[in-house]
Amino acid sequence: MMQKLKLLCASIALTGSVFVFDVRGAETLELHPQTAKTNGPITPLQSLYDVKHYALQIDVQPDNQFIRGEVTMTAKSLGVMTTVELDLDPRFETLATKINGNSVPFKKEGGKLLLSGRQMSAGMEFTTTVQYQGHPHVAERAPWDGGFVWTKTPDGQDWVGTAVQGNGCDLYWPCKDHVYDKADSGADMVITVPKHLSAVMNGKLIEERQNDDDTKSFHWRTVNPIAAYHLALNVGPFKKYELTHHNKISGADGIPLVFYHVTDDQDKIEGLIRDDFLKQLAFFEDTLGPYPWGNEKIGIVEIPYLGMEHQTMNGYGNGFKRDPHGFDWLIQHEFSHEWFGNLLTQEGTRDFWLHEGFGFYMQPVYAQHVLGDMGYASYMWSRYNQIANCTPVVPDGEAFGDYWSDNDPYFKGAWVIHTFRRLVGDEIFWRVVRRALYDTVDPWALSYPITPQQRNTEDFVKIASEEAGRDMAWLFDTYLKQATLPVLKVNQSEDLLELSWANTQSGDFPMPVPVMIDGTMTLVNMPGGKGSIEISENSNHQIDPHMSVLRDFGTSAKCSR
């Protein structure tokens with residue numbers, strides 16, 4: 001997820017019968033607290049089934065900001081079930097519910113929709129179908145606030161997008177709102193819109209159909225495992241800019257690369273795709289491995305808000321601007337999530353840094369590729385001074401997406417990655433990354449479809465330890481599981497420089513420290529968190545001149561909460 005500019009906002013969780021008015025004056029309930037939350041601890045009822053496939057049929061009516069839908073979920077029971085629990089914003093009117101094609105009663109409990117009346121034995125595959133309609137929640141500041149964005153293109157045509165990663169799929173369709181349970185067999189999405197518009201989504205376009213009522217339907221299908229929040233609606237008067245990308249495993253036909261745009265400026269489009277994005281794509285494949293979804297497409301869609309990393313259909317709204325590092329940071333960040341977030345998916349919210357720490361870290365790495373060392377250093381240092389150190393990056397136990405009110409999963413996560421890389425060296429580091437992503441250190445030996453990986457923090461630490469040949473838990477525990485940073489204490493006498501680590505709540509912290517003495521770099525080992533090196537009285541020395549080790553440098557504000 002890239003919750004832009006501030007990068008991470010707490011999910012809305014207001015209570016009471018508060019009414020607000022959307023931009024059209026329609027009276028709507030404020031977002032329900034349950035709907036506002038996504039991920040978090042899984043409920044006992046939802047732990048009883050595994051999602052296999054979603055089939056969405058949604059009629060989008062921009063004129064009155066209204067949707068009507070029918071969603072079928074195919075799942076496998078993991079135990080005896082008599083009730084199926086789904087998530088759905090209670091503002092919607094539920095019209096009918098079915099289990100295995102038979103009508104069943106339902107009950108709405110806040111943001112939960114409970115279907116009953118059928119018993120499923122353990123190991124049984126079953127379907128649920130929900131018909132519903134209503135005015136979906138309108139995002140006040142997408143993508144920071146989740147919901148629908150109803151707007152117009154510069155020439156006055158309807159332009160619609162959804163931003164649901166922060167609050168979840170239940171903002172506009174009934175689903176199991178947790179990232180840990182991907183739809184293993186993908187999803188089918190049939191989106192009906194006014195005939196002058198198009199609907200673009202994940203995967204491949206199977207059919208475009210003209211209906212008898214001045215509407216058009218677009219059937220999209222993804223066969224790859226996909227998290228529910230990735231199924232994002234994009235509706236508008238889209239035009240296509242299309243290329244074919246070839247890599248080592250894509251075969252003779254290559255991979256379709258499609259940009260769906262509302263902007264007509266061909267120079268801007270060419271500048272974004274040919275002059276910038278294709279270079280970013282080459283960098284990601286050279287650095288990490290093959291694009292994960294080569295059996296479907298590389299998709300980008302112009303959206304009416306800043307951006308979001310929807311699998312095979314990345315949302316782009318940065319206005320075709322390059323930042324001072326020489327590239328469009330927005331599309332580079334969102335595309336990084338095709339690897340960190342979509343190929344490697346967090347097991348739970350507590351592992352969010354695996355998405356966003358790595359997603360952000362690929363920006364300074366790419367800036368170094370484009371500009372050299374200055375590009376890398378400027379990114380890292382500016383973001384260091386935005387670290388809050390108020391809560392651990394990895395909380396103790398599961399948490400909802402509103403656990404953080406700061407950017408630490410992004411920036412502190414990236415600094416932890418930077419420190420680990422500097423400690424073990426590039427060869428081991430990139431082996432760790434590729435194993436975490438592809439479950440192999442040689443991803444180019446794979447073929448499409450590529451199997452995504454579900455990881456938690458402990459999985460990553462295990463891979464890091466195996467590749468480094470030593471236990472690395474001390475590093476990640478100290479940086480990720482305590483709120484504050486280690487402090488390096490320095491004591492200098494006439495002929496000895498003594499170093500010691502403090503504020504390391506996770507116990508032993510044997511992080512070595514580079515010291516430059518009269519132009520020569522020496523690595524001071526720190527067994528037990530202490531070390532020393534001899535120096536002469538007149539020598540010039542500098543501790544960690546390249547800032548290889550994350551610590552309290554004394555430049556950032558202390559946590560004010």
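Me: Is lysine 239 buried, partly exposed or exposed, and what makes it so?
Reply: This is a predicted model. Lysine 239 has 43% relative accessibility. Buried means under 20% and exposed means over 50%. Lysine 239 therefore counts as partly exposed.

Me: Why is the contact of aspartate 264 with lysine 239 called a salt bridge?
Reply: The closest N and O atoms are 2.6 Å apart. The cut-off is within 4 Å, so the pair of aspartate 264 and lysine 239 is a salt bridge. It links distant parts of the chain: aspartate 264 is in the loop between β19 (255–261) and α2, and lysine 239 is in strand β18 (residues 239–245), 25 residues apart.

Me: What is the exposure class of aspartate 264, and why?
Reply: Its relative accessibility is 53%. Exposed means over 50%, so aspartate 264 counts as exposed.

Me: How do you know that glutamate 207 and arginine 209 form a salt bridge?
Reply: Their closest N and O atoms are 3.6 Å apart. That value meets the cut-off of within 4 Å. Glutamate 207 has 36% relative accessibility and counts as partly exposed. Arginine 209, at 35%, is partly exposed.

Me: How do you know what span to expect of helix α7?
Reply: Helix α7 (residues 426–438) has 13 residues. At 1.5 Å a residue, 18 Å is expected. From first C-alpha to last, α7 reaches 18 Å, close to that value. Its buried residues include Val432, Val433 and Leu437. Among the elements that cover the buried residues are α2 (266–287), α4 (353–371) and α6 (408–424).

Me: What makes phenylalanine 429 and tryptophan 430 an aromatic pair, and of which kind?
Reply: Their centres are 4.7 Å apart, and the limit is within 6.5 Å. The structure holds 43 aromatic pairs. Phenylalanine 429 counts as buried at 0% relative accessibility, and tryptophan 430 counts as buried at 11%.

Me: Where does the charged end of lysine 176 sit?
Reply: It sits over the ring of tyrosine 49, 4.6 Å from the ring centre. Tyrosine 49 stands opposite serine 77 in β4. Elsewhere, lysine 248 lies over the face of tryptophan 444, at 5.0 Å from the ring centre.

Me: Why is valine 60 called buried?
Reply: Its relative accessibility is 2%. Buried means under 20%, so valine 60 counts as buried. Its place is in strand β3 (residues 49–61). Leaving aside neighbours within four places in sequence, its contacts include Trp150, Ile191 and Leu233.

Me: How do you know that β3 pairs with β4?
Reply: DSSP must find at least two bridges. Here 12 bridges join β3 to β4 (residues 66–77), and the strands run antiparallel.

Terms used:
Residues are numbered from 1 along each chain as its sequence is written. This is a predicted model: local features need pLDDT of at least 70, side-chain atom pairs count only at pLDDT 80 or more; totals for chains, interfaces and linings use all residues. Side-chain values use heavy atoms; hydrogens and water are left out. Helices (H or I, at least four residues) and strands (E, at least two) are DSSP runs, numbered from the N terminus. The expected span of a helix is 1.5 Å times one less than its number of residues. Buried means under 20% relative accessible area, exposed over 50%, partly exposed in between (1.4 Å probe, protein chains only). Contact means heavy atoms within 4.5 Å. Rings of Phe, Tyr and Trp (its six-membered ring) pair if their centres lie within 6.5 Å; planes under 30 degrees apart count as stacked, over 60 as edge-to-face and the rest as tilted. A charge sits over a ring if NZ of Lys or CZ of Arg is within 6 Å of the ring centre and within 35 degrees of the ring normal. A salt bridge is a side-chain nitrogen of Lys or Arg within 4 Å of a carboxyl oxygen of Asp or Glu.
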